[in-house]
Amino acid sequence: MARSSFLFTSESVSEGHPDKVADRISDTVVDAFLAQDPEARVACETLVTTNRIILAGEVRATKPGNTKEENEAFTQAIIDSLEPLVRAAVKDIGYEQDGFHWAKANYECWLHAQSADIAVGVDATNEKDEGAGDQGIMFGYASNETPELMPATLQYSHNILKALAEARHSGREPNLEPDAKSQVTLRYENGKPVAATAIVVSTQHKPGLTQADVAAIVKPIVQSVLPAALITDQTVWHINPTGVFEIGGPDGDSGLTGRKIIVDTYGGAAPHGGGAFSGKDPTKVDRSAAYACRYLAKNVVAAGLAERCTIQLSYAIGVAEPLSVHVDLHRTGKIDEHVLEAELPKLIGGASPRAIRQHLGLNRPIYARTAAYGHFGREPDADGGFGWEKTDLAEKLQALL
């Protein structure tokens, strides 16, 4: 039997966390390629450390009618255009520190052409549909414990850091710096969050601030974004528990693409598949199929078919159709899970990589914005960003009852 009363914790990290700086840069590369070629292939990894930015991975861009040599030149031209875009991304985050500065950091780019062996397995031909970019398992999850249909511990952790970032970017709190982390522990009764037992926030700050000074900035911001009923006299606060946090970001610790995958998804409340999202074009099912799983799970919960839903898809490299579909309604469902396993893929054209990309409109430069504060639980954008957060299948799903 699932427990109904328990404590659960999730964490988030800000856009200025070194791993998130790396994710932002990698997704800036994805956007740059998709802006020039919607069918571009990108697998970009980024390393950031003290005044150094290093890109590596494989890419490919093509134009209809181009020769092989012309496409190679086209790809290289995009690679050559990346440095100002990368520096602009770092500037937007807010890094103008001695140890990591958007204009002064050493930049190296080691991106190269995509492997021909991968391309031949993934690309569509007259004989076969586009195959998955790799083997793997992907998960999606939704829960009705927040309006965003996300786990409350993670959603509130994200909300805290977004509010801190807004205060910093607006100039309202000029003593805050970009690097920050949050962690929220909630007590659940009958499966619903009823109280925050602990709140942890660590934020980089300008020199000269005491721990009490930082707490005076942070505590009201946290209280403004968490439901008032959750914060009680028994809530334990840890704000900058180590004291001083002046050296942060890539100067304080190196950052790598794809090291915050639990922050990116469900905060540990649901499984995560084998791969990260950032730096990958949407032919990579690590990304696109995970988005599809979230989309389907969210629509199941939005339709009232269950209070919680976990969905798994699996793929083989070069094979279009998923190998398996698994639905778990966590004993909260109003419908047989086997019915959903049969019907859900049909609602997105069979769940092949191409069908997912077309249904969700993923071949667009919409990814840099996903790099911080979670890929899920966000409002869909007018240009197609976060389109996997729409609940436009709910009516069709209700008809299955």
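K63 lies over the face of F74, at 4.8 Å from the ring centre. A charge is taken to sit over a ring if NZ of Lys or CZ of Arg is within 6 Å of the ring centre and within 35 degrees of the ring normal. A second case involves K219, whose charged end sits over the ring of W237, 4.8 Å from its centre.

The model is predicted: local features need pLDDT of at least 70 and side-chain atom pairs count only at pLDDT 80 or more, while totals for chains, interfaces and linings use all residues. Residues are numbered from 1 along each chain as its sequence is written, and side-chain values use heavy atoms, with hydrogens and water left out.

**Aromatic pairs**

A search of the whole structure finds nine aromatic pairs. Rings of Phe, Tyr and Trp (its six-membered ring) pair if their centres lie within 6.5 Å; planes under 30 degrees apart count as stacked, over 60 as edge-to-face and the rest as tilted.

| Pair | Centre to centre | Angle between planes | Class |
|---|---|---|---|
| Y266 and F376 | 5.1 Å | 10 degrees | stacked |
| F277 and F376 | 6.1 Å | 70 degrees | edge-to-face |

Helices (H or I, at least four residues) and strands (E, at least two) are DSSP runs, numbered from the N terminus. F277 also belongs to the loop between α8 and α9, and 99 residues separate F277 from F376. Both Y266 and F376 are buried, and F277 is buried as well; buried means under 20% relative accessible area, exposed over 50%, and partly exposed in between (1.4 Å probe, protein chains only). One aromatic cluster is formed by Y141, Y266, F277, Y291, F376, F386 and W388.

**Sheet and packed helices**

Three strands form an open sheet in the order β5-β10-β11, with antiparallel pairing. Its edge strands, each pairing on one side only, are β5 (136-143) and β11 (324-328). From one strand to the next, the twist averages 15 degrees. Between β5 and β10 (residues 308-315), the antiparallel pairing extends over eight bridges; two strands pair if DSSP finds at least two bridges between them. Within this pairing, F139 stands opposite Q312 in β10.

Helix α9 (residues 285-302) lies across β5 and β10 and runs at about 30 degrees to β5. Helix α10 (residues 337-347) packs on the sheet and touches β10 and β11, its direction making about 130 degrees with that of β11. Axes are lines fitted to C-alpha atoms, for helices over the stretch in contact, and angles run from 0 to 180 degrees between N-to-C directions.

**Individual buried residues**

R168 is found in helix α5 (residues 152-170). R168 is buried, with a relative accessible area of 13%. Apart from neighbours within four places in sequence, R168 is in contact (heavy atoms within 4.5 Å) with E15, I93, G94, E173, L176, E177 and P178.

A351, in the loop between α10 and α11, has a positive phi of about 70 degrees although it is not a glycine. A351 counts as buried because its relative accessibility is 1%. Y373, also not a glycine, has a positive phi near 70 degrees and is found in the loop between α11 and α12. Y373 counts as buried at 8% relative accessibility.
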